[in-house]
Amino acid sequence: MSVADVITLLGYIAAAVVVVPRVPELRRRRVRGRPAVLLVLAGLAVLAEPVATHGPSIVGAPFAAAVLLVAPGAAVTTFRRVGDPLDELVVAVAMSGALLILASGAMVAIGYWNAPLLAALFGTIAGPVLAHRAVHQLLPSTATAGSGP
Amino acid sequence: MTPRTELVSLRRRSADADPATTPIELQSSGTSGTAHGWGVHPAGVHAAVMVVAIGLWIAALPHIDLGAMSDYGLPSVLPAIFWASLVLLCAGFAVALCEDGLARTRTAYIAVLVVLTHGMVPLIYDVPRYAYVYKHIAVIRYIAEHGSVDRSIDIYHNWPGFFAACAFVSDLTGVDAMDYANWAQLFFGAAGALAVRFVARGFTSDPRRVDAAVWIFLLAMWVEVGYLAPQAIGYFLAMVALGLALRFLRAAPGREPGRRAVTWLAEQGRAVTLRWGLELPERWRALRDRTGASRVTRFVRRPPGEIVSPTEPACDGVDQRWWASWGAAAAIVTMSAAIAISHQLTPFFLIIAFVVLVAAGRCRQWWLPIAITALTAGWIYLARDYLSAHFTLISFDVSNNSSSVAQAAGSEPHQVVSRLARFLTLLLVALAAAGWWRGRGPGQTTLVALVCTPPLLVLFQSYGGEGIYRIYAFMVPWLAILASGLVAGLRPRLLHVVPTVAVSLVAMVLFMFGYYGLERTNSVSPDEIAASQWFEENAPVHSVLTLLSLNSPTPVTARYPLYRNLDGNWGYQILGNEPYVTGDLTVESIRQLADGLAKQGRRSYVIVGPSQTAYVESFDDAPRGSVSAFSASLAHQPGFVPVFHRGETAIYEVLP
């Protein structure tokens, strides 16, 4: 098992820690709209690295590229509810692009190149954060203050 | 009712409405207009128009014969049904623009426009366009293979951010950059449209005006910024960063930096004059009273279609929570850092734009331009060794800086294409001026300043003759937003619809020629790529490739640093306006290069191919037909050993 796999596993656990305790409450609500999108994106984020590295490239490549271009940015732009879905998408893609550039540039600068590890890190951070945002939107009272919309 | 009186009544109605709900809630609805008399909903009609346009476009694609292309580029081989699809789309959007509501319909039109104008590239071309994209692919392959960069190799290794990100994607997914490079244009076309929409919504809450701005932007952007290149991501990130500032970092009413200074000065002057009982001239008294605090801090809702003032929310409510402001600022800094390590030129445009926003009071984080400047300067400092050896960082030769890399001369069709592109620029400026005149008000000052500041670049940088194009690219979004002021008050009447359709159609035709008019030189043959690959994989290390012109898809592999010339650059060219050029298309000029290289212990190769031929013929560097004849004659010259031949492409080893 590689370091990337271990980190991905941690991502699964973190996402489960966020979502599983809320499942009884979530089951009483209809999960749709924005929270549903965030929950799906969270699941895809933690799957991006294993699908890209272990899955067939015809599926894994576009899947991983699409997820990595949206999920990290969507996870960190919690400072403000943008409102419009297209605006939210463009900010998420821009932030993801910027983070990918900076992280890849950092790997190049320090001379440690490990693409699966970086993808796993992105997924492990983005997945639970997105899941937390989704749960927060569905069950506002259970979220911590200041965690954003 | 005339259009003007309609506009006035619209303003009055809006001004009378509750400022808490007008105009955002009333305007931002995506609901469609009313059904026509025969019971068909307008949105349904427009959907049918779009479906037909897409159908015609799909039907046209198999009939595009790239081999029959003339010097007029891609438009010369586009079938009539392709043009019909564009006409249908322009007409449909113009009608939708004149109707109330239909916000989602207009967004769909914009999406279809992006697909129709940019989506055909990966479908009709087997390999990426633009010869210079292949060097980017070579750098991406180098990073993916080595996991590092070498700053002494070239400038790309000194600004590696974008290439490193592409290498990451390639390494993770196993998909080579060559395979997705052709899709970059569609991706960045869509991303650019979304970014401009994001920015425009920081200036106005009128959805019609926002959609018009995006449409105008897409049709006016004949300069290519969307291929697989650092400038593409830099442009996109810069627009989103500016949008974040415009949307979420507005100054609170009365706290704009410029106005605060004026207020302070005015109040000090007022206090002094009152204290000492000075008698001021009438005009000075009026000025003093006008710049009083109550005037400065006023907060007025603008009617729909007008550009909001710095403190007015356009499409967003004001969020005063500290993390909303600092989060947006952090996102801007992150994007700016990514730009700074990816592209040399974009940070300067970003800095200038942020200075304008801060000065205009549209960005309350005054330190942002300073932070972006520090990031840029820091990265330039890290690259100082390479830059000082190979480039002139600052040049005050304005005439040289403002000159274009593409010569004014060229074949007749080439000159026509150039004139059409320039005419499109003039059309955009004229529309922007008319839009500004129609919607003139205090809110537009920022837009005018943003339009006027990018040309400042010509004062100190030419960017290899490309600066003038980048300046235009960074002016287009602001010009488009200004031009969108013309749509205020449009109604679904023949008098309004016909001119809107006409302008849209003219812009579309000009765009197609401006953007795709040089396709004969921009398109690349797979044989040329194979030839370049052969050279980098088979020629002895430190061999040098000589080209008729640099418009050839070389280098292309991660081994390219092993084949640089004596100047540390890639290849020698015989024709063209680059520094290492012989200027004469003769066998002797190639032999002289080979003799010089032999003295340095290097072997010399020469490559000939269709994209080089098209380039030198289009730009009149050699008489038409002479290059092909010259290339064919090389096979019979003594000392020229053919080592690769496929189609019209060949490589010869030149014996000294």
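Reply: Leu47(A) is partly exposed, because its relative accessible area is 36% (buried is under 20%, exposed over 50%, partly exposed in between, with a 1.4 Å probe and protein chains only). This is a predicted model, where local features need pLDDT of at least 70, side-chain atom pairs need 80 or more, and totals for chains, interfaces and linings use all residues. Residues are numbered from 1 along each chain as its sequence is written, chains are lettered from A and ligands numbered from 1 in the order written, and side-chain values use heavy atoms, without hydrogens and water.

Leu47(A) belongs to helix α3 (residues 34-54) of chain A (helices are DSSP runs of H or I, at least four residues; strands are runs of E, at least two; both are numbered from the N terminus). It also takes part in a nonpolar surface patch of about 770 Å², together with Met1(A), Val6(A), Leu9(A), Leu10(A), Tyr12(A), Ile13(A) and Val17(A). Patch residues have over 30% relative accessible area and no salt bridge; like charges are joined within 9 Å, nonpolar side chains (Val, Leu, Ile, Met, Phe, Trp, Tyr) within 5 Å. Areas come from the Shrake-Rupley method with a 1.4 Å probe, and for residues only the protein chains shown count as cover. The most is given by helix α1 (residues 3-19) of chain A, with six residues.

Elsewhere in chain A, Arg30(A) sits in the loop between α2 (23-27) and α3. Arg30(A) counts as exposed because its relative accessibility is 66%. Between Arg30(A) and Leu138(A) there are 9.0 Å, C-alpha to C-alpha, although they are 108 residues apart in sequence.

Now for the partner chain. In chain B, 46 residues are in contact with 35 residues of chain A (contact means heavy atoms within 4.5 Å). About 3300 Å² is buried between the two chains, and carbon and sulfur atoms give 78% of this area; buried area is the accessible area (1.4 Å probe) that two parts lose on being put together, summed over both. Phe168(B), Leu172(B) and Leu194(B) supply 20% of what chain B buries against chain A, more than any other three residues.

Charged groups meet here too: chain B and chain A share four salt bridges (a side-chain nitrogen of Lys or Arg within 4 Å of a carboxyl oxygen of Asp or Glu). Arg247(B) and Asp87(A) form a salt bridge through their side chains, at 2.8 Å from N to O.
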